[in-house]
Amino acid sequence: MVIKKLFNYVDSEKFKKMLNIFTICVIFIYFFVSLCAYATWFPGFPRFFRYSTTSGLIIRILLSILFVFCAFLNFLSYRDKINKIWLIPFLIIIVFGLLFTFFTPTEFRSLYRTTALYNFMGEMITGVSDLTLVKMSLSFIVDMLFAYSFVFIFPQTLKSKKFYIYFILSFVFVMFYSCIYSFIKERNYYIEFISGKWTYSPITIGSIFGDKQQWGIFLAAAVPSSILLCYLAAKFYRERKILKICIIVFSLVTFCLTLVCSLASFCKTAIIANILAIIVLLVGIALHLIIKKKKILFGVIIFAFLGLFLLIPTIFGSVSALKETKLGSLVNSILQTLADRGEQGAGSRLTILFSFLEKFPATNLMFGFNKGLLEAYEYSVTPEIINSLHTGIAIYFGRTGLVGLLIYVLLLVKLISCICKITKNNILYGFIFFALFVSSLILNLAELEILITSSSATVFMFNILLVVLPLSECLSVKEVGYEEKNISFVNC
């Protein structure tokens with residue numbers, strides 16, 4: 001009887017309204033506390049939140065418990081609408097992944113030859129403690145629960161466009177602040193950059209994020225997010241018109257600033273992600289104008305601009321008059337450095353990746369390594385490089401094996417098919433999601449995190465905007481279609 005009353009209360013509209021407010025608060029808290037692990041709001045601030053510190057670990061545990069508890073309440077309240085069958089493959093990954101930990105060694109030894117100083121053979125020994133295994137096992141379980149929540153729970157509950165507008169606005173505000181902060185604090189670097197005295201350095205500028213690499217992953221996310229904010233505000237913001245205009249202008253200004261900072265910081269990941277996102281956005285705008293608005297001329301002009309944009313390397317590289325100008329010299333220097341550093345970085349990462357896949361043990365092929373063991377194994381396969389995998393999808397395969405990879409591919413297919421449905425109904429809206437997808441894909445290939453199954457600040461934001469929002473849109477279309485079908489049936 002008590003359980004029945006409890007479920008009746010959980011199903012009530014009153015509880016769902018309170019739960020929705022609680023869910024939004026949890027998401028904002030989780031995102032901004034996660035952001036604090038990267039952003040230096042004042043000197044020494046991040047050390048309290050970095051995952052490598054004791055305080056950071058405790059904060060992460062508490063946040064994860066809060067988030068999982070929130071997801072569980074949403075699961076109970078919307079249990080009739082949520083796909084519970086998909087719990088089975090996630091549980092299989094978790095259970096068998098933990099089980100196969102007992103069959104995997106916790107210490108790895110490898111011989112290698114080095115010529116860094118002298119030519120000699122060396123031995124590398126890598127291993128993890130039992131405490132690390134326990135912590136990483138719990139972290140892996142949380143990652144899987146997060147993934148299920150993003151794909152199957154929160155699309156049912158987070159449907160208010162106002163939430164997404166304010167969520168993106170808060171992130172865009174942080175990125176706007178980081179750009180202005182960088183312009184002021186690191187102004188000497190920008191002066192040298194614009195004057196053409198710029199030379200590549202692994203440590204250039206980092207704003208509040210410390211270095212270009214940490215800042216770069218947020219700069220890559222800011223470009224398509226700013227455009228999504230602009231679109232959502234224009235279409236769905238129902239407050240005062242002046243506020244709508246301010247949000248749109250602010251998002252466009254931040255879009256431009258983050259592009260400049262991405263280029264100046266010379267974070268290759270951010271530059272490539274932003275270029276591809278802009279290309280996708282321009283294609284979407286052109287198709288929207290041609291197909292939906294019937295403004296063929298404007299669409300053709302955008303396609304021509306896109307073609308000119310893609311020819312920039314060729315134009316500045318072949319026209320002598322442009323090469324001799326300050327702008328031409330700067331552009332050529334940037335393009336040449338991007339090509340050289342990109343080739344070098346890609347070469348080392350591919351070496352590590354191929355060595356990792358080539359030596360991957362058959363015992364772990366189906367369900368992978370424990371999250372804590374994987375990095376130790378990564379170092380052991382390429383000790384001469386002394387580096388770990390830097391590719392999110394490969395890391396995910398290493399943690400979950402072929403079974404986990406298959407499930408992940410199915411989830412991606414579900415997401416992409418949903419975005420395609422949105423594109424069919426609204427070309428511009430769909431291509432904005434594709435721009436976000438391209439940006440996240442570059443981060444997945446070049447960095448450690450992966451869409452859906454990672455929970456760090458950047459990917460958490462992508463999961464809300466690129467997973468929860470489009471899946472929620474598809475569910476809303478289905479519900480509207482079902483209601484219209486029932487109404488027409490009753491009328492008949």
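**Ground rules**

I am working with a predicted model, where local features need pLDDT of at least 70, side-chain atom pairs count only at pLDDT 80 or more, and totals for chains, interfaces and linings use all residues. Residues are numbered from 1 along each chain as its sequence is written, and side-chain values use heavy atoms, with hydrogens and water left out. I also noted that helices (H or I, at least four residues) and strands (E, at least two) are DSSP runs, numbered from the N terminus.

**Entry: salt bridges**

How many salt bridges does a search of the whole structure find? I got 3. The term stands for a side-chain nitrogen of Lys or Arg within 4 Å of a carboxyl oxygen of Asp or Glu.

I went back to Arg 79 and found its side chain in a salt bridge with that of Asp 11, at 2.8 Å from N to O. Arg 79 sits in the loop between α3 (54-77) and α4 (87-99), and Asp 11 in helix α1 (residues 2-11), so the pair ties together parts that are 68 residues apart in sequence. Asp 11 is partly exposed, with a relative accessible area of 29%.

My next pair was Lys 371 and Asp 143, whose closest N and O atoms are 2.7 Å apart. I found Lys 371 buried at 15% relative accessibility, and Asp 143 buried at 4%.

Then I came to Glu 473 and Lys 161, whose side chains meet in a salt bridge of 3.2 Å, N to O. Glu 473 is in helix α18 (residues 457-491) and Lys 161 in helix α6 (residues 161-185), so this pair ties together parts 312 residues apart in sequence. Both Glu 473 and Lys 161 are buried.

**Entry: α8 beside α9**

At what angle do α8 and α9 pack? I read about 155° for α8 (residues 212-236) and α9 (residues 241-265), with their axes 8 Å apart. The axes are lines fitted to C-alpha atoms, for helices over the stretch in contact, and angles run from 0 to 180 degrees between N-to-C directions. That angle makes α8 roughly antiparallel to α9; angles over 145 degrees count as roughly antiparallel, under 35 as roughly parallel, 65 to 115 as roughly perpendicular and the rest as oblique.

I then listed who touches whom, where contact means heavy atoms within 4.5 Å. The α8 side includes Trp 215, Leu 219 and Val 223, and the α9 side includes Ile 247, Leu 252 and Phe 255. By class, I noted 15 nonpolar, 6 polar and 2 charged residues. Here Ala, Val, Leu, Ile, Met, Phe, Trp, Tyr, Cys and Pro count as nonpolar, Asp, Glu, Lys and Arg as charged, and the others, Gly among them, as polar.

**Entry: α4 beside α5**

The axes of α4 and α5 come within 10 Å and cross at roughly 170°. That makes α4 roughly antiparallel to α5. I saw Phe 90 and Ile 94 among the α4 residues in contact, and Phe 140 and Met 144 among those of α5. The contact divides into 11 nonpolar residues, 1 polar and no charged.

**Entry: single residues**

Which phi does Ser 207 have, positive or negative? I found a positive phi of about 50°, although Ser 207 is not a glycine. Ser 207 lies in the loop between α7 (187-195) and α8, and is buried at 8%. Phe 266, also not a glycine, has a positive phi of about 55°. I placed Phe 266 in the loop between α9 and α10, buried at 0% relative accessibility.

Phe 103, in the loop between α4 and β1 (107-114), counts as exposed at 58%. Its C-alpha atom is separated by 8.6 Å from that of Asn 364, 261 residues away along the chain.

Definitions and conventions. Buried means under 20% relative accessible area, exposed over 50%, partly exposed in between (1.4 Å probe, protein chains only).
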